[in-house]
Amino acid sequence: MKTKNDFLFCIVFGLHVVILLGVIAALTFSVQMCAKSPKAPSGKLVNYLFSRGGGMNPMDYTVYNLRYDEKSGKPLLTISGDCQGEEITVEVGEEVFAHCRDLIIQHKMYRSKGYYESSVELLDAPSCSFSAFFEDPFEDIGGSGEMPDFLWEGISDINRYFKSIVGDRKAEGHVDRIYGAEGVTGMRWTDGIHHYTTAKESVTELKRATRGLTGDGDTEPDQMGFSRFHDGDQHFVLIHDYQLDQARLFYSFDGQDVTREQMVRRQLAALLCGTYTDGSGRQYVFTADGSCQGPGDVAPQPFIVFRDGNSTKPQYRWEGKTVAGFKLTADGADILGVPATNGTKKTCHLKRVNENNEIWPVVNERFLSQPMMDALSLEQLEQMLNSIRVRQDSPYNSMPWYTDIGGVNRELLTSEINKRKKN
């Protein structure tokens, strides 16, 4: 027969068993959690990629990509620019990989669980993702979907760091795009032929000039739009006339008035700018200021010369003598009316030296003005149009695209070609 003490012993023993089982369960759970808790990667970072894209606008995407080039092995960083489709790639040092790795560790981005399902379904909306790869030992982390704050904080810090490395660089063919017409009051503009002033915060004056309209300057023509750009000391407004299917570009140099000499010199020099050789293999280098350095010149000599700031036409100097001018050809330029030793005039043919075999490199480097197009034949305009590069498909989006400069020049050349064919 059990006594009271026996019952007390059973109760105490049972409590000890329960407590012991609880301790064991807690330790087991703790060990399991420790085993599942992700650890910081110990290897070297070899690739980091953040991308945002998709949705209704395939040109609206973002990319930050740090990697080693597959062919050359060079460490490269590519980030999106300010313009749609713009990608800027620079070569970087190993310290960039090291600092990016530090930011990943600092924000514990290795705790990412991968895909985070969103509580809201958004149709045709862009999606975001990041990934990072390490080697020795190989490890990878990544995240996408509705990512938590700690991941976004890490992504934002890394993106800011990458932007600081690229600085104010721009990709070839891109300029700063300005949205809206604010800041044009009192600015002086020219299309290379006439001058105009935007007296108000509006480009209506330039729209009317494109149509050749006079009279009430406050009345804006129908079916017209504009795009505005800025590059160094130059401002640009491209007027789109959708009704007449034409386009016209207006320049301003920091909003100041410019002489015809300044405009024509810069634009004609831009057409010639580059390196050429003649039939004897002698080299000539035309510069952006309208000068040319030949084989016997110690320094560049003026080629495009104006007698005064209001000259309608420049003079041309070639090897110390006045010549008739120049004519652009399919593979270079002809210097016309070069004085010969017997008193006659001859043509000196120059062939452009171009590593990329571009017939018209200027078309991808700067906007075309009306004086530049006026200097070309219809055949040359069509050749120039065909020389505009269509960028290769980006690995982050499936559409080919033009740069800002290429896109504007494509519209200007098409408009000019159509106008000449109609006439």
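1. Let's start with a helix pair: α7 and α8 cross in a left-handed way (left-handed if the near helix is turned anticlockwise from the far one by less than a right angle, right-handed if clockwise). Their axes come within 10 Å, at a crossing angle of roughly 150°, with α7 covering residues 378-387 and α8 residues 404-422. The axes are lines fitted to C-alpha atoms, for helices over the stretch in contact, and angles run from 0 to 180 degrees between N-to-C directions. So α7 is roughly antiparallel to α8 (angles under 35 degrees count as roughly parallel, over 145 as roughly antiparallel, 65 to 115 as roughly perpendicular and the rest as oblique). On the α7 side, Leu378, Leu381, Glu382, Met384 and Leu385 make the contact, while α8 brings residues including Arg410, Leu413, Ile417 and Lys421 (contact means heavy atoms within 4.5 Å).

2. Before going on, a word on what you're looking at. This is a predicted model, where local features need pLDDT of at least 70 and side-chain atom pairs count only at pLDDT 80 or more, while totals for chains, interfaces and linings use all residues. Residues are numbered from 1 along each chain as its sequence is written, and side-chain values use heavy atoms, with hydrogens and water left out.

3. Now the overall picture. The protein chain has eight helices and 23 strands (DSSP runs numbered from the N terminus: helices are H or I of at least four residues, strands E of at least two). Of its 423 residues, 41% are buried (buried is under 20% relative accessible area, exposed over 50%, partly exposed in between, with a 1.4 Å probe and protein chains only). Among contacts with a separation of 6 or more, 54% join residues 24 or more positions apart.

4. What about the inside? The largest nonpolar core holds 45 residues, and Phe286, Phe303, Trp318, Ile335, Phe367 and Met384 have the most contacts inside it (such a core is a set of buried Ala, Val, Leu, Ile, Met, Phe, Trp, Tyr and Cys residues joined through side-chain atoms within 4.5 Å). A second, separate core has 32 residues, including Leu103, Phe134, Ile141 and Ile155. Setting aside residues up to four places away in sequence, Phe286 touches Phe303, Trp318 and Ile335, among others.

5. On to the charged pairs: the whole structure contains twelve salt bridges (a side-chain nitrogen of Lys or Arg within 4 Å of a carboxyl oxygen of Asp or Glu). One of them joins Lys44 to Glu94, with the closest N and O atoms 3.7 Å apart. That pair links distant parts of the chain, from strand β1 to helix α2, 50 residues apart. Lys44 is partly exposed at 40%, and Glu94 is partly exposed at 41%.

6. Have a look at Lys207 and Glu220 too, whose side chains meet at 2.5 Å, N to O. Here Lys207 sits in helix α4 and Glu220 in the loop between α4 and β11, 13 residues apart. Lys207 is buried, at 5%, whereas Glu220 is partly exposed, at 38%.

7. Arg282 pairs with Asp278 at 3.0 Å between the closest N and O atoms; Arg282 is partly exposed, but Asp278 is buried at 11%. Elsewhere, Glu86, Lys170 and Asp176 are linked in a salt-bridge network.

8. Finally, Gln234, in strand β12. Gln234 counts as buried, with 14% relative accessibility. Apart from its neighbours within four places in sequence, Gln234 is in contact with Phe229, Tyr251, Ser252, Phe253 and Arg266.
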